[in-house]
Amino acid sequence: MASTDQASSSARMPTNLYDTALCVIPPTSQCGHIEQLRELYDKAYGKWPPHINLIYPFVALDNLPRAQKQIQEHLAEHLDPNEPVEVDLDQAGCFKQRSQYTVFLGESRTSSPSRLETLRTMALQALGQGDAQSHLHLTVGQSQDNTMFSREFLLAKVRALPALRFRVGTLAIMVRERTTDTDPTGHMRLYGIIDIGSLSDVWRPHTPEYWVRSSTFSLPEEGDGDKSVQLKATVYDREVQSGSTFRYNAEEERWAACTDEERNEVETKSITVSSYNVLIDTEYPPTHDRDPLLIKTLLSDSATADVLVLQEVSDDFLSNLLDDTEVQRRYLFTSHAPPSQPDIGPLPSLRNIVILSSYPFSWKSVPFDRKHKGAVVAHVNGLGGLVVAGVHLTAGLTDVSVAAKKSQMKNLKGYLKRHHESEPWIIAGDFNIPTSTYTIDTALKHKSISNETVAALSSIESAISDAGLLDAWSVAHVEAADEAGANDVEGLFQGEEGATFDPQNNRLAAGSSTTSHDRAQRYDRILVRPQGTLRIARFNHFGLPETVDGAQVVASDHYGVRTTIQILDEAAERTGLEYLTVQHKRAMATLSDSSDLNSALTAHGMFPTEEQIRQRQHAYTVLKQVVLGMSDGMDSALSDIPMVMVPVGSFALGVWTSGSDIDCLCIGTISSKTFFKLARQRLVRAEIQGVRIVRKVEANTGTMLELSVNGITMDLQYCPAARVVERWSEFRNIPSSDPIFNLSVLSLRKLKPYRDLLYIQRTLPSLSAFRLAYRCIKLWATQRGLYSSKFGYLGGVHITLMLTWVGKRIAHQSGPASAADLVTSFFHHYAPFDWANDIVYDAFFYKKKPHYHRSAREPMVVLGFHAPNSNVAHTATVPGVQILAREFKVAAERLEEPGMTWEAFFGMPSSEHFKLSLGIGAADFLRAHSKFVKIDIQFWGRTLAKGKSLVGWVESRCISLVVDIHRTLPKLEVHIWPTRFTDSDSNDAGESHDYHGCYLIGLSKAVSVSNQDDKQLAKQALDKALDRFLTQLRTNEKNYDASTCWVDVSLRKRSEVKGLRLDDREWHDYVAGIEPDSDDEEDIDGNLEDLEDLDTLKSQHAIPERPKSTSTPMSTTKLRPASDVLNRLRWDPSLDPSDYIIGYEDRFSGARETGLERWKTEQTDEEFIPQHRILYFKKRDGDAGKCDVIWERATRIDRVFGSGLGAGTADA
């Protein structure tokens, strides 16, 4: 021993240089789990390999050759070659360093000294040094801080590592190499090795240094030029890594890595994908009290899927989940096995992405620009090469976090395009992209984010769309293929529909919300790139809160999402949507701010005040209580007669303005005649509550009462439908095919507005964005003199249907659009629209192009939804549509002008406009035309309600004059302004009851006429048209009384009308009495097409003669019953019920006729007639005024089905 000490002393070398080290490097094949953790937690990762330092610091660089030789010789002399050096690192430990802990793997202290300690002692002796105390270890990482949670979290990860056992064959000498002057640490390279055994099967480190990683990160090669927000963190360019897929082995009761034989391809016609953020417990120690509820939620019928993508998965939760026998049965395959299994390592991060599947798959981990962030990309065997990617993007609403989200999406999209360009994709997970415009606007207002960040959020959505990815919720929602979410659409801001994170209704979300401003967000999504092989069929949320014993029970702060996707074959039928595209025309930057749009609309009075809202809500409540016979606080179900009342129209849709009335529909079990008698009694008694009957109107859908409730105008209609009332609680979800809708056409027409309203509310991607866009388009139409359906322009229902289609089609293609984008896209879509040949309809409702037989008198067709199918634009005229088309183009061009703002688009009235009481549009109208047709109306009668009726009647005839002028002089541009004008001084009389107003039709030459004779002929033709119109007005004894009113029609120059102003005076007051017209709805002309007839309406109340039948039947073949014919004529979409007449046997009057639309099928209706009394069906010939029998009981004629006498199916 003395000789040894002497030799060592003579060769003594100092060990004080931190640029060299003597260490043990474990075999790379056994360090996979360790390296996975080191990559995320060890600051030395990429610079050092996994190692155990024997001597560090080590000797100077100049002494390395001598030190290597001395240690080699000393070990060869003193180390027994027959006793291998076995290392067993199975204990986790830590020590504190400044503000963090270093966590490591070490040897168990079962014997002392250990084999590693012996090696260290011998190496020191070889350098002439004595033994020094040291705790040999393999560093795994450093905790984030010095808190208990941070330390225990990383310690738990290291404890979950499988024990590291290996045989040491060499010692490694490491030398630091600095690549740049700015890199103070550099990386360690292998200088040389010292063999300590001669065994050939012992692993030895090698060069080049496999552990060295680049310390820079480069964005994907796809650039968008957005350099506004830069990432400031130093990151590592981590490599894509292949992962092992595990399968549950029931025999061995363990999860084992799949073999290639177990990854057989599968075939199926649909696949269901679910995504759920299970919310990690961030407090120490974690309680795991939610784990049973989470597992129960995942196994519920609403969550079960073929592929399940989970986020924020912890080691303990995954172990509990995969230990569940039902989970093991449903999901045979998983991307990560339970860390509690001895041979399985821990999950890499605190919040992990895990994919479970009933189908075999392979997967890779695709890292993002930040540690702990990446995607799990699975390739499902079979299914057309389907790729399912699970993501969990960076949380937060800051400039840096949004830039990180954008970069992460670009990373993933770039990877998928490079490696799976031709395959279909599904991307599911927690995208953490704020969607609430309130949240984004508030953050911008508080300067938490910049304008560039707002643009970056929009660009993320654009990039998703540009990649061909469809949002499963958006697609299913517009197709009415989703289930209701957790929140009510009322009171939501844009982007909050379909929310999956809702602090107001989820207590866990309220506790974890930091950047949402307590607003709902649609963070969780499932995106689908179909590639012609996938079709989104269904969508639903799961994991919604429940109330148990008065307390809310919810498993996570997020709601789960699930979609069912059909897998199409080449022969699959296409929907035709690919041919009905609507370009998502994004608004310019100067138009994109929703607050600017709101300000512009507010300046023009397009939003009701809080007081107006309160007044209308109170008026509706009062009317509902009065009509239903309810006392205060009494539920409608307890009213004396089973009835319900609902609002429809603009009030129900939430797009009303201060000038809008409230349309109400009452549905009950009694007949229409009984209802209106009862309603009149109740309304008269309610006068003390401010309820007044203004007048009764015979509308095209039946009797309507025009009411005034505390000054609010309201319209009341009634529909007799007993079965609808009985099933009212489920009415929203009753399909159109249900027998409950086997009602008369007239009853269906009354129900149609409410049914259409429910469908619109059900399928709009964003009700708040729709409302804002609707008000914008209505303001534009009002300003341009285009908002009036009775004059052949746009009405509220036109705008609703046209805008709904644009919004839904865009959402289906690229996700919900903002209000500004909706408006821009609306004008861009309809500017080039071919109104003469194309029709506007909702392809999501109709599935196929509807069989609508367009007449020559329909220059514009806009279809609603539910039966009866009718054109809401039936009053449109050719000149009106020409003006609409021109104005659409002008608006679209203006919205593309550089620097355009909403204030500039709508304009602000000048002092001249205020002085003349003219809006911008009206003033432009008076300047735009050289000649005007002036229709004067004057009324001096006592009953001003009759004055209003006079005005309404003249208005209804004006459109016929427009058509007549256009037909007579087709080269003229004919533009009627839809509001009334008056002389500046005509109403200065204060309380005068002499009312005077006029309507103007502007005339402009579309083509100049130079020939004087042609001008004279045109003047004469125009005069004749005006004379005809005036004669029709003055000879109508029912509406025109020369003793109380006067009308005139004249041609005026521009100079003669420049002094007119808009008439804002209401031509009626309350009138207690009501004209004693019959309440019998058989006196009502319910045919919509009759409104299109521009000639004088003919009386349809004459009792027709029953057609003479042949003496004997001409056929003995069985005749199809009248009920079959009735149903065919009523429900065949290719037939128009208004074209048909039913002849029936009245018990007292004999043979009678009635329109098919008014035929009653409700037995509770007083006008109900048994079908065995039907004698025949006729079809009107619109041009000749004749009627042809298409089915007759007596003669056995059947031209509908071809039964009886009929030789075959004839055109009905």
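Here is a tour that starts with the whole chain and then goes into its parts.

**Before you click.** This is a predicted model, where local features need pLDDT of at least 70 and side-chain atom pairs count only at pLDDT 80 or more, while totals for chains, interfaces and linings use all residues. Residues are numbered from 1 along each chain as its sequence is written, and side-chain values use heavy atoms, with hydrogens and water left out.

**Stop 1: everything.** Show the whole protein and colour it by pLDDT (the predictor's confidence in each residue, from 0 to 100). The average is 84, and 85% of the residues score at least 70. Now select residues 1–10: pLDDT is below 50 there, and this stretch has 6 contacts beyond near neighbours in sequence. A contact here means heavy atoms within 4.5 Å.

Switch to cartoon view and you have 31 helices and 41 strands to explore. These are DSSP runs numbered from the N terminus: H or I over at least four residues for helices, E over at least two for strands.

**Stop 2: an open sheet.** Select the 7 strands that run in the order β9-β16-β17-β18-β19-β21-β20, with mixed pairing. Two strands pair if DSSP finds at least two bridges between them. Which strands stand at the edges? They are β9 (241–243) and β20 (470–471); each has a single partner strand, so one side of each is left without a neighbour in the sheet. Zoom in on β9 and β16 (residues 361–367), which pair in the antiparallel sense over 3 bridges.

Stop 3: Is α9 buried or exposed? Of its 21 residues, 16 are buried, so the helix is largely enclosed by the rest of the structure. Buried means under 20% relative accessible area, exposed over 50%, partly exposed in between (1.4 Å probe, protein chains only).

**Stop 4: the cores.** A nonpolar core is a set of buried Ala, Val, Leu, Ile, Met, Phe, Trp, Tyr and Cys residues joined through side-chain atoms within 4.5 Å. The largest one has 124 residues, and Trp780, Phe888 and Trp902 have the most contacts inside it. Highlight helix α20 (residues 767–783), which gives the most to this core, with 11 residues. Then click Phe888: beyond four places in sequence, its contacts include Trp780, Leu794, Met802 and Phe826. Finally, look for a second, separate core of 47 residues, with Met13, Leu40, Leu136 and Phe153 among them.
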